Amino acid sequence: MYNFIIRNAKILDGAGNPWRIGDVAISGEKIAKVGDLSQEKAITEIDAAGLYLSPGFIDIHTHSESLLFQDGRAHAHLLQGVTTNVLGQCGSSPYPVTQLRKESSDKSNLEITWETTGDFLEQMKNKKLSVNAVPVVGQGAIRQCVMGFNPSKPTSEQMDEMKKLLKEAMDSGCYGVSTGLIYTPSSYADADEIIELTKVISEYDGLYFSHIRGENDFVLEAISEALRVGREANVPVQISHLKAMGKHMWGKSVDILNLIDSAREENIDVTFDQYPYKASATGLGAILPPWAHEGGAYKMRERLADPVLRDKMRQDIIDGVGNWISIYKGVEFDNILITDTMDDDTIVGKTISQIAKERGNEDPFKTCFDILENHEGRISIVYFTISDEDIERIMKHPLMMVGSDSSARPIDGPLTTGLPHPRTFGSFITVLATYVRDKGILTLEEAIRKMTSAPAYRLGLWDRGLILPGNKGDLVLFDLAELGTKSDYTDPVQYPTGIKKVFVNGILSVDNGEHTGAAAGYLLRKNKC
Ligand SMILES: [Zn+2]
């Protein structure tokens, strides 16, 4: 007797094979049997005629670490069929922590009760999680622990200290390390420093995730840098949220993909992920040149109070500084929308241009600088910067995986402020409904592969991502015709239609589109149980 038999489903195996009609039995936390199970019985039998059954979706690029730590219900992701989140992307993770990091950090609502990555993961392990979590450590976090917001090259002692922290994180079960090379202090590391550091993970079969140093004018140079890290540190590389940003760069995806293809011909093990949206999301601070961030957020606000430095910032935002190009270029204030502040709802949901108009038609640069100066904590934005053509070209590439670049928000409670990017609620649904069903950009089988076995294989999650007997029972049952999301930029908090059931480790976690309250996810630590 099995716990569940899902009967007559169109089974998408996750490997990209054409769907086949069959039954899938779940016993305990595993897939017990696949095939014709008409002679077998289960406690719960599900008639899935006409529906697709696929492995649970693995979101290879999330920022869920702090959120899941505080509230693991994960509605925004689970209700899309996402059963696993990869944490700690873009150089950023709340672990590890040192005194120097505490002193140089901006205000946060997360109470710090750990020091090492291992401490954090030990606590995380005991949290109730509705999705599985795959830990990755941020290089920016590690650098801040050792050097604060000091932009200089590390001394050899500092380098050793950083390596020690990374080693500790990998020993504690992390799957790799990430950089966020447009964010300070991650961006203070040059390629040599990143190579030196990431050599540590090559001993652990770890993956180097890179939010590269630029996604606009110097995107090719930035990709080349990530590839160089792969070559010289001998590590596999995952380029995060691949795109070409700014109107003046539209069409560059051709060169970008050529560069990546030729790197693989030279045996560099590189893959990438993408979210299916034309707007990016980040903190408004990312508009400022790197020097404005030196010393941390307090220092940044101090500089913003100085009119001379404001003029210099404005000039640098327009012209760039060396290889640094502001996210402002090819976007401008009409296309930058404030989505969250920690202390002022009156500006949320408006573009900087709109706010400037409301403030007596003032110069939008002044508006932008005032917002940054006057609000303590992070100002979140979305900004419209990517072309449809580039999204589609990148999506079609076999190396592409789906990553939402978002956090798995719960449905209610204190962590649900602001307007998150709609990718939070709709990345996986949008790929399937818009890019598979409506536009025919991908076949269903290929899209599912990019959400399941491709990330599982990349990470070494050997018992997930494929519907095979013995694998973990992470499964999604959906109706392709009904699949849809109304989540958009000004009204993002919307849950999808068409997801019938989601199983996490063999437990029914979504039933008829509703969270069952199950918390069946595990913290998956590499080489640990
Ligand atoms: Zn990023």
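**Confidence**

Confidence in this predicted model is lowest in strand E14 (residues 279-283), at a mean pLDDT of 90, and highest in strand E6 (residues 57-59), at 99. The pLDDT is the predictor's confidence in each residue, from 0 to 100. Helices (H or I, at least four residues) and strands (E, at least two) are DSSP runs, numbered from the N terminus.

- The protein averages a pLDDT of 96, and 100% of the residues score at least 70.
- Because the model is predicted, local features need pLDDT of at least 70 and side-chain atom pairs count only at pLDDT 80 or more, while totals for chains, interfaces and linings use all residues.
- Residue numbers start from 1 along each chain as its sequence is written.

**Domains**

- An automatic or database domain assignment gives domain 1 (57-280 + 386-413) and domain 2 (283-384).
- The centres of domain 1 and domain 2, taken over C-alpha atoms, are 24 Å apart.
- In domain 1, 24 residues are in contact with 19 residues of domain 2, contact meaning that C-beta atoms, placed from the backbone, lie within 7 Å.

**Helices H16 and H17**

- Helix H16 (residues 423-438) packs with helix H17 (residues 444-451) at an angle of about 160 degrees, with their axes 10 Å apart; axes are lines fitted to C-alpha atoms over the stretch in contact, and angles run from 0 to 180 degrees between N-to-C directions.
- H16 is therefore roughly antiparallel to H17, a term for angles over 145 degrees.
- Phe428, Val431, Leu432, Tyr435 and Val436 in H16 meet Leu444, Ala447 and Met451 in H17.

Definitions and conventions: Parallel < 35°, antiparallel > 145°, perpendicular 65-115°, else oblique. Contact = placed C-beta atoms within 7 Å.
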